[in-house]
Amino acid sequence: MTGAPLMAEMTWPEIDAAARAGAVALWSVGSTEQHGPHLPVSVDHLLPVELSKRIAQRVHCVIPPPQPFGNRSHPLSGGGQGFPGTTSLRAGTLIQVIRDVVAELARTGFTRIALINWHAENVNLLYEGVELARELGGMDDVTVMVIDRVWASFGEGELDYLFADAEGFPGWAAEHAAIVETSLMQALRPDLVRHELIADDQSAERPFYELLPAPPSHIALSGVLAPATKASVAKGERLAGMLVDNLAAGLVEGLGVPLVAPASQATCDRLHCLLLGWESAPEWVSLEGGSRTIVRLPIIGILAHTPAGWLLLESGVELAPFAGLPLDTPHPIWRAGLPEQPYDGDSGDPLLAQLERVGVGLDELAGVALSHLHLDHTGGLHHFRERGIPVWIQRRELAFARRAAAPGEEAGRAFYETELNGLDWRLLDGDGEILPGVEAISTPGHAPGHMSYRVRMAESGTWIFAVDAIDLQQGIDEGRPIGSSVAPIDAPLRRLSHERLVTLSGAEGARLVPGHCPDTWPALAADPAGFR
């Protein structure tokens, strides 16, 4: 099971225990409906699930698999049924699905059930389905909450900031694949946004009535029903936080759902920034629009003492294969020069040496996390395999590495085919807690499943380690993302992830640390006493 309580990944005893403990079954009901050329057809059932994962950090929830098919799309609010991919149910079918799933959740033992709807055309059908489930019997002790319109949780003017730089609020019926949903997707699932295809569009006419069949003037050709180019990660993060606050408060107020201690209450009491080596690369790798000048970059590691024990974030590079070789020895991966030891005169395993320098042994590690699986972040995997130390990774990153990393390069392929096996992988799907006080922040772009880290310290506050989502301090200062992606299709995500980290650090008053900056990292790693 991942960090989020996804029912599909739980065993029946785990589900039974959660229901007996009073958890709410938080069920997302959406649709499979076109959302323009830049968003997937899954938006209406994907967004409520992503929000539910965040809600689960506040209140005790179990998240059943979402209902992916909704009632038929209306032309003026969803583009109608004419777009390829829009796949809908008849009203009677959806009502029966709602009835049966609610009844089954009640039979399982959930006495608190909440439906989060993201598809306007479903609204009245939800109530009919719930009432039919109640008529089946066996639900006298069950309370069902229906959140048919999440926007009803906001007061007048609360969302004006979303449209302050646009042409005004077009109305919820027209806010389809536009600023709201595009911003939320940029913040919650940037890997699914076709950033370069975001469109400003709308239908030629928007009367107060619908016509069937709908005339062409009632349907935008792109499927985008209002301008979307003013969407941003910052708007999405702020809106997601507001939605989670409102929905979690509603669950507590309406259903009396048990609270869970938020991850933010846990802090770490020691933090060490480790220098695990040096590598060389052209500037353009680390900075969009950079030159071909070769830059010497630090290879990093982060060691945090959490309430659960020591957690190593990033493990450096395996230097043993390069011992005794000149730095300019040709290599298929290290084309600008072989990686180097962190300090002059060092030899042997840099990970072991730097752990010893700060007084921590491998056997003291409660876990390891890897932002991604490039060779300068995956040193010493054999140590973790031999000791059974759990290793956290994004599911998407591990799958990509096993399937497609380093195509055509024998050295890279051999590594991925051997070193990734036998480890105690702990898979994450997006944001989530790794150990108390340390959280993963999904930042794809440089690699398909790249993640950054939020480390909450008892004295020095929150640190956000960008790792390879932002390489250089210059990138932060100039608003320039990194310049390289493993998969070219992920290139637009680099800027989205960059913006997300800048937005989060500003909102949280956190220290944002770039991952390969020769100007900042050596100073952070200089003092073996670390930070509190």
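Helix H2 is mostly covered, since 13 of its 13 residues are buried (under 20% relative accessible area; exposed is over 50% and partly exposed lies in between, with a 1.4 Å probe and protein chains only). This is a predicted model, in which local features need pLDDT of at least 70 and side-chain atom pairs count only at pLDDT 80 or more, while totals for chains, interfaces and linings use all residues. Residues are numbered from 1 along each chain as its sequence is written, and side-chain values use heavy atoms, with hydrogens and water left out.

Reader: How far apart are the end C-alpha atoms of helix H2?
Author: Helices (H or I, at least four residues) and strands (E, at least two) are DSSP runs numbered from the N terminus, and H2 covers residues 43-55. The expected span is 1.5 Å times one less than the number of residues, so the 13 residues of H2 should span 18 Å. The distance in the model agrees with this, the end C-alpha atoms being apart by 18 Å.

Reader: How many salt bridges does a search of the whole structure find?
Author: Side chains of opposite charge can pair when their charged atoms come close. A salt bridge is counted when a side-chain nitrogen of Lys or Arg is within 4 Å of a carboxyl oxygen of Asp or Glu. With that cut-off, the number of salt bridges found in the whole structure is 27.

Reader: Which residue forms a salt bridge with Arg-54?
Author: Arg-54 counts as buried, at 18% relative accessibility, and lies in helix H2. Its partner, at 29% relative accessibility, counts as partly exposed and sits in the loop between strand S10 (424-428) and strand S11 (432-435), so the pair ties together parts that are 377 residues apart in sequence. With the closest N and O atoms 3.4 Å apart, the partner of Arg-54 is Asp-431.

Reader: Is Glu-340, which forms a salt bridge with Arg-296, buried or exposed?
Author: The closest N and O atoms of Arg-296 and Glu-340 are 3.2 Å apart. The pair links distant parts of the chain, with Arg-296 in strand S6 (residues 294-306) and Glu-340 in the loop between strand S7 (309-313) and helix H9 (350-357). Arg-296 counts as partly exposed at 40% relative accessibility, whereas Glu-340, with a relative accessible area of 18%, is buried.

Reader: What is the relative accessible area of Asp-363?
Author: Asp-363 forms a salt bridge with Arg-387, the closest N and O atoms being 3.0 Å apart. Arg-387 is partly exposed at 37%, whereas Asp-363 is exposed, with a relative accessible area of 68%.
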